[in-house]
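Open the structure in your viewer and keep the selection tool at hand. This tour goes stop by stop, with something to select at each one.

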Amino acid sequence: MIWRVGTVVALRDETPSARSITLELPDWPGHLAGQHVDVRLTAADGYSAVRSYSIASAPNPERRVELSVERLPNGEVSPYLTRELKVGDQLELRGPIGGWFVWRPQQTESIQLIAGGSGIVPLMAMIRSRASAGSSAPFRLLYSVREPGAVWYRDELRALSDRDQSVSVAYAYTRATPRGWPRPPGRIDAALIAGMTWPPNLSATCYVCGPTSFVESAAGLLSASGNSPDKIRTERFGPTGDRQ
Amino acid sequence: MSSEIYDHLHGDYLDGNAAAGELSKIFVMDVTAAAGQCAHCGATKRFAEAHLYMQSPGVVARCPVCEHVLLRLVTVRQRVFLDMRGMRYLSLDT
């Protein structure tokens with residue numbers, strides 16, 4: 001797989017510490033929702049660093065790829081991508097990568113998405129792909145975040161679920177909730193899985209993405225509530241320190 | 001998802017997806033959807049389900065069932081070393 005050069009065409013802040021970056025790649029071969037890319041930054045002295053980022057955008061004819069990146073205080077790559085990168089700058093990308101953690105518009109079965117923190121990114125690509133393909137597959141998203149201000153794609157998620165009854169979005173807050181929220185802050189548990197996800201007899205395909213500990217826990221709860229392990233696909237990216 | 005989150009904390013694993021970019025230097029086809037059999041316990045799982053440890057200097061994929069090493073991948077300068085003796089076979093859709 002070759003390294004391709006993309007040009008930054010848009011930047012959007014999701015939260016004070018996260019930014020979405022839209023790149024245009026003239027020779028992009030196209031991607032599927034759920035796939036990721038490797039990004040390579042090379043310093044003047046030749047030192048280079050490679051990081052993987054999920055693609056947030058749906059497949060599109062404009063050959064555009066949107067990535068959403070969370071800034072990590074001691075990161076080598078993310079502070080540059082979220083602070084210094086400007087429209088017109090170029091980045092090296094390798095991809096699209098991965099053929100397992102993907103959703104294809106031909107899939108008509110019920111879909112359960114469970115995101116922990118920035119694990120929302122590949123799941124957002126699936127929701128966007130569903131909309132752009134005109135799919136009517138029933139989608140549910142359970143999105144676990146620290147606090148209301150940490151939600152990514154908030155307005156777009158609201159618009160998508162308002163417009164289409166077959167898409168529902170539920171939030172679970174781990175640190176702080178909006179005022180009057182019915183559930184106290186806490187991690188995803190069996191009651192939440194039972195109340196907010198498809199009944200197991202629907203045999204929904206489940207996609208779980210987030211920090212390793214979150215994914216282990218959510219996938220375990222899905223399985224314990226009667227979902228077949230064969231229908232649960234996971235993508236992990238290691239612990240974030242503050243567990244979601 | 002970001003592998004950088006993993007990079008500055010350690011001791012935990014990612015999944016096979018995270019090695020796919022490096023493995024694309026060697027394999028023409030996508031390996032994450034490939035099924036591989038563990039030479040130790042015989043479990044057959046998608047490579048995407050393997051537990052991946054990315055502490056330098058290389059990448060180690062372990063069986064998600066028994067945690068034995070399936071694959072090791074190390075890049076030294078311009079040379080890539082791939083050790084797959086922990087995997088009895090890998091089957092891919094053509």
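**Stop 1: a loop in chain A**

A:Ser203 is found in the loop between α4 (190-196) and β10 (205-210) of chain A. Keep in mind during the tour that this is a predicted model. Select A:Ser203 and look at its backbone: its phi is positive, about 50 degrees, although the residue is not a glycine. Most residues other than glycine have a negative phi. A:Ser203 counts as partly exposed because its relative accessible area is 41%, and partly exposed covers the range between under 20% (buried) and over 50% (exposed).

Next, go to chain B and select B:Glu67. This residue sits in the loop between β5 (58-62) and β6 (69-76) of chain B. B:Glu67 is partly exposed, with a relative accessible area of 28%.

**Stop 2: a cis peptide bond**

Return to chain A and select A:Gly95 and A:Pro96. The peptide bond from A:Gly95 to A:Pro96 is cis, and its omega is near 0 degrees. Most peptide bonds are trans. A:Pro96 belongs to strand β6 (residues 90-97) of chain A.

**Stop 3: salt bridges**

How many salt bridges are there over all chains? The count comes to 19. Side chains of opposite charge can pair when their charged atoms come close.

Select A:Glu66 and A:Arg12. Their side chains meet in a salt bridge, at 3.5 Å from N to O. A:Glu66 lies in strand β5 (residues 64-70) of chain A and A:Arg12 in strand β1 of chain A, so the pair ties together parts that are 54 residues apart in sequence. Is A:Glu66 buried or exposed? A:Glu66 is buried, with a relative accessible area of 8%, whereas A:Arg12 is partly exposed at 36% relative accessibility.

A:Glu14 is in strand β1 (residues 3-15) of chain A. A:Glu14 is buried, because its relative accessible area of 15% falls under the 20% cut-off. Select A:Trp152 as well: the C-alpha atoms of A:Glu14 and A:Trp152 are separated by 5.4 Å, while the two residues are 138 residues apart along the chain.

For a pair within one helix, select A:Arg158 and A:Asp155. Both lie in helix α3 (residues 154-163) of chain A, 3 residues apart, which is about one turn of the helix. A:Asp155 is exposed, with a relative accessible area of 56%, and A:Arg158 is partly exposed at 46%.

**Stop 4: chain B**

Color chain B by secondary structure. Chain B has 2 helices and 8 strands, and from the N terminus on its elements run α-β-α-β-β-β-β-β-β-β. Buried residues make up 45% of its 94 residues.

Select B:Lys25 and B:Glu22 to see a salt bridge of 2.8 Å, N to O, between their side chains. B:Lys25 is partly exposed at 43% relative accessibility; B:Glu22 is also partly exposed, with a relative accessible area of 22%.

Then select B:Ile26, B:Val80 and B:Leu82, which make a nonpolar surface patch of about 190 Å². B:Ile26 lies in the loop between α2 (20-23) and β2 of chain B, and is partly exposed with a relative accessible area of 37%.

**Stop 5: a cavity and a pocket**

The count of cavities of 30 Å³ or more comes to 1. What lines the largest cavity? There are 13 lining residues, and B:Gly36, B:Lys45, B:Arg46, B:Pro64 and B:Leu70 lie nearest its centre. The elements giving two or more residues to this lining are β2 (35-38) and β3 (44-46) of chain B. The space in this largest cavity is about 80 Å³, and its lining divides into 8 nonpolar, 3 polar and 2 charged residues.

Last, find the second largest pocket, which holds about 520 Å³ of space. It is lined by 19 residues, and the closest to its centre are A:Pro229, A:Ile232, A:Thr234, B:Lys45 and B:Glu49. Two or more lining residues come from each of α5 (212-224) and β11 (232-236) of chain A and β3 of chain B. Among these elements, α5(A) gives the most, with 5 residues. The lining of this pocket divides into 8 nonpolar, 5 polar and 6 charged residues.

Note on methods
Residues numbered from 1 in each chain as written. Chains lettered and ligands numbered in written order. Predicted model: local features only at pLDDT ≥ 70, side-chain atom pairs only at ≥ 80, totals over all residues. Heavy atoms only, no water. 1 Å grid on protein atoms, 1.4 Å probe; cavity = no way out; pocket = protein on both sides within 12 Å on 5 of 7 lines; lining within 4 Å. Points joined across faces, edges and corners; volume = space filled by probe spheres on them. Helix = DSSP H or I, 4+ residues; strand = E, 2+ residues; numbered from the N terminus. Nonpolar A, V, L, I, M, F, W, Y, C, P; charged D, E, K, R; others polar. Buried < 20%, exposed > 50% of the residue type's maximum accessible area, 1.4 Å probe, protein only. Patch = residues over 30% accessible without salt bridge, like charges linked within 9 Å, V, L, I, M, F, W, Y side chains within 5 Å. Areas by Shrake-Rupley, 256 points an atom, 1.4 Å probe, with all protein chains shown as cover. Salt bridge = Lys/Arg side-chain N within 4 Å of Asp/Glu carboxyl O.
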